[in-house]
2 protein chains.
Amino acid sequence: MPHFANNPAKKSWLEVSKDSDFPIQNIPFGVFITKDDVITIGTRIGDSAIDMGALQQLGYFEGIELTDDMFMQDTLNDFISDGKKTWRQVRNRLSDLFDENNPKLRDNKEHRDIIIFKINEIEMLLPVQIGDYTDFYSSKEHATNVGKMFRDPENALLPNWLHIPVGYHGRSSTIVPSGIPVHRPMGQTLPNGQSTPVFGPSQAIDFELETAFITTDANIMGENIPVNETEDYIFGMVLLNDWSARDMQKWEYVPLGPFLAKNFASSISPWIVTMDALEPFRTKGPKQEPTPLPYLQQKGKHAYDINLEVYIKPENVEETLVSKSNFKYMYWSMSQQLAHHTSNGCRVNSGDMMGSGTISGPTEDSYGSMLELTWSGKNPIKMKDGSERKFINDNDTVIMKGYCQNSSVRIGFGEVSSKLLPPFVRK
Amino acid sequence: MPHFANNPAKKSWLEVSKDSDFPIQNIPFGVFITKDDVITIGTRIGDSAIDMGALQQLGYFEGIELTDDMFMQDTLNDFISDGKKTWRQVRNRLSDLFDENNPKLRDNKEHRDIIIFKINEIEMLLPVQIGDYTDFYSSKEHATNVGKMFRDPENALLPNWLHIPVGYHGRSSTIVPSGIPVHRPMGQTLPNGQSTPVFGPSQAIDFELETAFITTDANIMGENIPVNETEDYIFGMVLLNDWSARDMQKWEYVPLGPFLAKNFASSISPWIVTMDALEPFRTKGPKQEPTPLPYLQQKGKHAYDINLEVYIKPENVEETLVSKSNFKYMYWSMSQQLAHHTSNGCRVNSGDMMGSGTISGPTEDSYGSMLELTWSGKNPIKMKDGSERKFINDNDTVIMKGYCQNSSVRIGFGEVSSKLLPPFVRK
């Protein structure tokens, strides 16, 4: 059923530029506010934002079992909760409606004027209310780099790493969509060589290049999701910049893990790209050696070939590409992460978000954080105005992009872009 | 203003036994479902549950600015969001309405029949929708005990512990109210002396004796709450059993902290006792040495004298008291925890929950976990049927109680009671 909407030969009557992340084969889902202050669920084709609330009111989803106001909501949670069959029916309907050969909406100017907005006329909001946010640590290259820098270069990976998709809980209340600026946090740090900590602005603000998947209601409390059933519960993916304050992290993280070094902000791209749209880009993940325990074993292709890029743009200066990575490098798959997460009966709800962890590739230019790219500040990165960066400066904007590309189609995420502001000053 | 409702001479026209946790000076808030399947916000006096939705419909909150359906909701989040002034007005109104000298409701049988239920006729639900759950680690005795057992007996406390109210994020989706049984989780562990992990039921299920506070909307993202303003944002407290699987915890927790060892379940007492009701039991906390950094410094009394007890009740066997502790032993105050949590600009919302961490006292019978009480299994505890416990057995019920008591009044939490079931079996 998804293949109908994935047909690479399909074209839309809406204009789509050749390098757009959003051809008619994508059909991502998001929430936006229109210039008339109406909040709606919508999708995007090319540079057109499509008001799905209006589409529903005008009868364009007839025949699909949906509650009356399904798309006139400010989050996708209820839609996601309806399950995979409904997601596919809606995506296929949109694919059909915007097909260049379908005159129904194409030739109805009155309806088009109600339904379609230019992308720069709307503002994207958070697509889901995130009940719980989990962040994994599933890139072997990243875990190895961090282990080399902070622990033992000879035994960089901790003993559990090859057996467990290591993860921890993050903060939901500070997840913001692309475009929302983030303040440099204040915090406790222990200056090098000193024995008492100080409190002040973090001096080591970093990005973490990640993706995240959004789940649907998966289980009742106590029940696990077998690894081979997990894909039924993954709605789609976004890009995630998991902002980190390295100096605060170093001081606070024992023994319970990172806390204030992470929970000041996490930024995501606003369009959720469905797993159906990403289907053509499945690929084999890295070989897992030793073989995982049976509850984590899976056959087939469970990695995805998603190109990832990070740019830093100082104020009034052109951006510099600082990292080129790929989601396919991840050691643990999203299926394994979800199977592990629920293996103890932990309940997973519609709209929960699970981050991949920093995605570092095998080469030095594919690392997913400044910590690794500059090797803890030893090798600063040059910007286009000649200035150097060990970490992120005030008023720098960090931009992450992600896209899949084969000979016939490009499916992308757009971007997550956020500016780092100086510390907040109370008025 | 709170002192009006705290007057120890006050009596209710509702029956209250001498040892009740819920005299008219308490007036806690909760959510329950009646025998007629109506969900409402309510309070409790003695063994009577009071339907505040019905009270509001019948006009008993007239004069207090409240939205029309404020108490006909299934969570307290909106009420808590209204702020301290409203909490106090409502608590004082209830105190007045149920005062033995007030005939208004006392002498209106028709209204009484609609409003008042016997406590065993209703079922308590979760009182709030918990957006984010944070757990601290603020008992010095607990942190020291754990450090002695697992790290270095000579340097039991980690270097950051005396400077930071160490905390981490927990899982909201598996917080359940008292009475809901919990399944023993499956998980990965590394058997002693072996180098490869196994997967199976945890063999070391523990309770953690904690309290937790519930917040109101505190700040916008980026802004901090100064330590001396934090009390405006704490609505009240509950008892918390932070279930833990020690064998899973030991294997998984480096470097990002506990995850599946904790997130299978956390149980809370269902009535939120307000900070106003606890006011007479303020006391001085332990001396903090070294002096905390300025953003954590506070004057006055910020601890609370709350007696805490833990019982284990094997099936068909009388319960055994296994721990007697007190909340006043906590090294870091709730104010310091909240000031620290927001010091980096982390947003705190209405209904967020922040746990104290395991509350261990100075003596061996006041430790807040089986891990400490049995000193990692070396000193098992005897039950009334002669059986021994190193950790919690299947079908044991763990019961935690909490109450404040002075010469004139007792303010209590009731209990959080939950049974440990065998591992979940998929049907």
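**Sheet, axis and one asparagine**

Mentor: Chain A has an open sheet of five strands, ordered E4-E3-E2-E1-E5, with antiparallel pairing. Strands are DSSP runs of E, at least two residues, and helices runs of H or I, at least four, numbered from the N terminus; pairing takes at least two DSSP bridges. This is a predicted model: local features need pLDDT of at least 70, side-chain atom pairs 80 or more, while totals for chains, interfaces and linings use all residues. Side-chain values use heavy atoms, without hydrogens and water, residues count from 1 along each chain, and chains are lettered from A and ligands numbered from 1 as written.

Trainee: Which strands stand at the edges?

Mentor: E4 (116–118) and E5 (123–125) of chain A; each has a single partner strand, so one side of each lacks a neighbour in the sheet.

Trainee: How many bridges hold E3 and E4 of chain A?

Mentor: Three, in the antiparallel sense, with E3 covering residues 48–51. A:Ile50 stands opposite A:Ile116 in E4(A).

Trainee: Switching topic: is B:Asn26 buried or exposed?

Mentor: B:Asn26 is buried, at 0% relative accessible area (buried is under 20%, exposed over 50%, partly exposed in between, with a 1.4 Å probe and protein chains only). B:Asn26 sits in the loop between helix H1 (2–6) and strand E1 (30–33) of chain B.

Trainee: What does B:Asn26 touch?

Mentor: Leaving out residues up to four places away in sequence, its contacts (heavy atoms within 4.5 Å) include B:Asp21, B:Arg91 and B:Ile411. The backbone oxygen of B:Asp21 is 2.9 Å from a polar atom of the B:Asn26 side chain.

Conventions:
A polar contact is a pair of N or O atoms within 3.5 Å; within protein, one must be able to donate a hydrogen and the other to accept it, and residues adjacent in sequence count only if both atoms are side-chain atoms.
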